[in-house]
Amino acid sequence: METVLSIRGLTKRYGRLTAVNNLSLEVGRGEVFGILGPNGSGKTTTLGILLDVINRTSGEFSWFGEPPTKEMRKRIGAILETPIFYPYLSAVRNLEIVAEIKEASKENIEPALQKVELFDRKDDKFRTYSLGMKQRLSIASALICDPEVMILDEPTNGLDPQGIAEIRELIRRIAAEGKTIILASHLLDEVQKVCTHFCVLKKGNLLYSGSVDEIGAGAVTVEVVAEKAPEVLKEWSGAKEIKLENGKCLVTLSDNQSAVDLNRYLFEKGVVASHLLTQKKSLEKQFLELLAESENA
Ligand SMILES: Nc1ncnc2c1ncn2[C@@H]1O[C@H](COP(=O)(O)OP(=O)(O)OP(=O)(O)O)[C@@H](O)[C@H]1O
Ligand SMILES: [Mg+2]
């Protein structure tokens with residue numbers, strides 16, 4: 001897998017406040033990478049640094065395997081905040097102005113409008129657009145340079161369910177063309193629905209980074225009550241982690257293991273379980289646990 005973005009030890013301080021703390025991350029080509037975290041966790045600051053609009057305090061990052069340059073910046077399309085369009089000009093006229101500023105070909109305007117499904121409304125004035133349409137026009141304005149990477153900061157903020165669904169569908173469509181997408185969100189559900197990979201930030205610290213599938217699949221826990229269960233299960237290769245809680249033994253299973261395998265192992269060791277319950281943790285539960293764990297740390 002080719003690495004598109006590599007971040008090493010990135011730190012941003014505002015006086016005594018550390019907005020981003022020693023962050024290291026890798027994003028591979030074709031990934032839809034979610035930066036997930038509550039308000040104030042450093043998502044926008046991180047994206048701002050990556051786009052060269054915020055100065056870092058320390059650390060390094062590279063795009064496409066090279067240190068950032070102005071030339072390279074053209075390969076990255078971004079929407080950090082809603083760009084300013086002229087309210088009394090049409091969508092198409094607004095995009096023509098953007099194309100001039102960015103030195104992009106005007107031939108890219110129509111396909112971009114089509115992609116975001118605004119082609120039918122292209123001659124309407126920007127001020128008559130709904131919030132969702134405005135957001136889609138922003139995405140179109142980033143697309144006219146035909147970037148390899150798209151950076152989106154909270155792209156569905158403030159939209160109604162229909163608008164949210166449209167933006168998510170659009171993100172999937174852009175990803176299907178092979179573009180790499182980096183998306184900041186405070187919504188777990190959003191990350192789960194559109195991202196292939198994600199990281200979790202809290203107060204500037206990285207709590208987790210991995211693939212969305214992995215966290216979904218690797219999270220089967222079995223509650224066991226049996227005499228000597230903790231001692232016996234410690235020796236079992238199918239257990240990833242064992243915790244004791246209220247007299248119950250909570251066993252996180254390795255991949256491809258089930259409660260049946262666990263029970264069979266116990267039985268072979270001459271242990272009979274009086275209680276056996278499989279729990280599949282939702283991503284949400286794991287996310288909340290991650291945030292809570294960091295609170296205690
Ligand atoms: N220009 C600034 N001066 C001082 N502190 C700042 C500045 N910009 C951001 N911060 C602080 O840095 C921290 C991270 O902010 P940031 O905007 O990156 O968070 P975020 O994860 O994008 O949050 P949100 O979900 O609310 O958009 C916050 O504590 C914020 O108050
Ligand atoms: Mg933000």
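1. Conventions. Residues are numbered from 1 along each chain as its sequence is written, while chains are lettered from A and ligands numbered from 1 in the order in which they are written. Since the model is predicted, local features need pLDDT of at least 70 and side-chain atom pairs count only at pLDDT 80 or more, whereas totals for chains, interfaces and linings use all residues.

2. Domains. The domain assignment places residues 3–215 in domain 1 and residues 220–280 in domain 2, with bounds that come from an automatic or database assignment. Taken over C-alpha atoms, the centres of domain 1 and domain 2 are separated by 43 Å.

3. Nonpolar cores. A nonpolar core is here a set of buried Ala, Val, Leu, Ile, Met, Phe, Trp, Tyr and Cys residues joined through C-beta atoms within 7 Å; a residue is buried if 20 or more other C-beta atoms lie within 10 Å of its own, exposed if 12 or fewer, and partly exposed in between, with C-beta atoms placed from the backbone. The largest core has 58 residues, of which A140, I144 and I181 touch the most other members. Leaving aside residues up to four places away in sequence, I144 touches L95, V98, A99, A104, N108, I109 and A112, where contact requires C-beta atoms, placed from the backbone, within 7 Å. A second, separate core of nine residues includes V222, C249, L253 and L266.

4. Ligand 1. The shell around ligand 1 (C-beta atom, placed from the backbone, within 6 Å of the molecule) consists of Y14, L17, A19, G37, N39, G40, S41, G42, K43, T44, T45 and H186. The elements giving two or more residues to this shell are β2 (17–28) and α1 (43–50), and α1 gives the most, with three residues. Helices (H or I, at least four residues) and strands (E, at least two) are DSSP runs, numbered from the N terminus.

5. Strand β1 (residues 3–14) pairs with β2 in the antiparallel sense over eight bridges, pairing being assigned if DSSP finds at least two bridges between two strands. Across this pair, I7 stands opposite L25 in β2. The hairpin has two residues between the strands, and G15 takes a positive phi near 60 degrees.

6. Residue Q257. Q257 lies in the loop between β12 (248–253) and α10 (259–268). Q257 is classed as partly exposed because 19 other C-beta atoms lie within 10 Å. Not counting residues up to four places away in sequence, Q257 touches G238 and L262.

Note on methods:
Contact = placed C-beta atoms within 7 Å.
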